[in-house]
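Look at the fold below and follow its strands and helices one by one. Keep the sequence at hand as you read.

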Amino acid sequence: MTSDLQGVLDEVYEAVRPVMGGGSVADYIPRLAAVDPDQFGIAVMTTDGERFAAGDAAVDFSIQSISKVFSLALVMAGDGDEIWQRVNREPSGAAFNSLAQLEYKRGIPRNPFMNAGALVVADHLLSLTPGELSPVLEFVRAESGNPEISVDALTAASELSHSDRNSSIAHLLRSFGNLTNDVDAVLARYVEQCAIAMTCEDLAAAGAFLARRGVRADGSRLLSSNQARRVNAVMLTSGFYDAAGEFAYRVGLPGKSGVGGGILAIVPDVCSICVWGPGLDGSGNSLTGMTALAELTARTDWSIF
């Protein structure tokens, strides 16, 4: 397949041309609202290090909620299964920034990928790495091999100035005793990781440790094979908020989306994939990206089903 993969990506790019620019860019973060919606990129990183790309795969974009995969992996690497005492592993069936379930479950988020769960993970990671500047940033730099990856300060500032809802979630978590650090410190760390800017090529490389069942780019092990399998499982069931079932049906891979328009998907033992198209569908997932991944798995039979 790898000998033909560049041709497959080129075919996928042509197949999604009719939907490029479709959907709506995220407008609740002003910095994201200004992104040109007519862009699309796709990149693949195989487990043996081969890279393939098409379209705007070398353009930086805000990874947003895709960062939650890396923060969860780092927490599990540093503290085993302790995080699962504070966060559940069930699909939410609700919006990513919902407070309703958090109130009902008395401060235990449904999963680590909705905002409430991600804030608990950020809090846990802050306790494990006090004083360090964005361990997620350090990790993606190392895994991608690109030390120039950085936090987009304008996106971070834009997000912090419009973080009333996340602040409400954090205070609600703290009221139930499920946030141990200062709320502002947790929010700052969370926003910082979401505002990391990366390309499809770098993000596919950074996520490849999950395709390698927990083995990092340098050959060291970040997660056990069982831990990597479990991260992939939560991505499959909860990586797309209330559209996780639709993604499993259409694409059939573990994945995580972000409102910046990116999607990271994993084919265990084969490769990691990143697609990016800024226009979002009604569930907050990249319209072009979802279409492209469906086209790709149809052409490659990479669905885990």
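This is a predicted model: local features need pLDDT of at least 70, side-chain atom pairs count only at pLDDT 80 or more; totals for chains, interfaces and linings use all residues.

Residues are numbered from 1 along each chain as its sequence is written, and side-chain values use heavy atoms, leaving out hydrogens and water.

Helices (H or I, at least four residues) and strands (E, at least two) are DSSP runs, numbered from the N terminus. Two strands pair if DSSP finds at least two bridges between them. Strands of a sheet pair through backbone hydrogen bonds, either parallel or antiparallel.

Five strands make up an open sheet here, in the order S2-S1-S8-S7-S6, with antiparallel pairing. S2 and strand S6 (255-257) stand at the edges with a single partner strand each, so one side of each has no neighbour in the sheet. On average, neighbouring strands of this sheet are turned by 10 degrees against each other, direction ignored. Axes are lines fitted to C-alpha atoms, for helices over the stretch in contact, and angles run from 0 to 180 degrees between N-to-C directions.

| Pair | Bridges | Facing residues |
|---|---|---|
| S1 (residues 41-46) and S2 (residues 51-55) | Five | Met45 and Arg51 |
| S1 and S8 (residues 271-276) | Six | Val44 and Ile273 |
| S7 (residues 262-267) and S8 | Six | Ile263 and Val275 |

S1 and S2 form a hairpin, with four residues between them. Gly49 lies in the turn and has a positive phi of about 95 degrees.

Is S1 buried or exposed? Buried means under 20% relative accessible area, exposed over 50%, and partly exposed in between (1.4 Å probe, protein chains only). Six of the six residues of S1 are buried, so the strand is largely enclosed by the rest of the structure. In a regular strand the side chains alternate between the two faces of the sheet. Both faces of S1 are covered. Gly41, Ala43 and Met45 are buried on one side, and Ile42, Val44 and Thr46 on the other.

Helix H14 (residues 287-300) lies across S1, S7 and S8. It runs at about 145 degrees to S8.

**The three-stranded sheet**

Another open sheet has three strands in the order S3-S5-S4, again with antiparallel pairing. Its edge strands are S3 and S4, each pairing on one side only. S4 is joined to strand S5 (residues 196-198) by two bridges. In this pair, Val151 stands opposite Ile196. Helix H6 (residues 135-144) packs on the sheet and touches S4 and S5. The direction of H6 makes about 15 degrees with that of S5.

**Helix H7**

Which residues of H7 are buried? In this helix (residues 153-160), they are Thr155, Ala156, Ser158 and Glu159. They cover an arc of only 165 degrees around the axis, which puts them on the same side of H7. The arc is that of the directions from the helix axis to the C-beta atoms. An α-helix has 3.6 residues a turn, so residues three or four places apart point the same way.

The face turned away from the buried side of H7 carries the exposed residues Ala153 and Leu154. The buried residues of H7 pack against helix H2 (30-33), strand S3 (61-62), strand S4 (150-151) and helix H9 (183-194). Contact means heavy atoms within 4.5 Å. At the start of H7, a side-chain oxygen of Asp152 reaches to within 3.0 Å of the backbone nitrogen of Leu154.

**A buried aspartate**

Asp123 is found in helix H5 (residues 115-128). Asp123 is buried, with a relative accessible area of 0%. Leaving aside neighbours within four places in sequence, Asp123 is in contact with Arg86, Asn178, Leu179, Thr180, Asn181 and Val186.

**The cysteines**

How many disulfides does a search of the whole structure find? The search finds zero. A disulfide is a pair of cysteine sulfur atoms within 2.5 Å. For Cys200, the nearest cysteine sulfur, that of Cys274, is 3.9 Å away. Cys200 is buried, at 0% relative accessible area. For Cys271, the nearest cysteine sulfur is that of Cys274, 12 Å away. Cys271 also counts as buried, at 0% relative accessibility.

Note on methods. A polar contact is a pair of N or O atoms within 3.5 Å; within protein, one must be able to donate a hydrogen and the other to accept it, and residues adjacent in sequence count only if both atoms are side-chain atoms.
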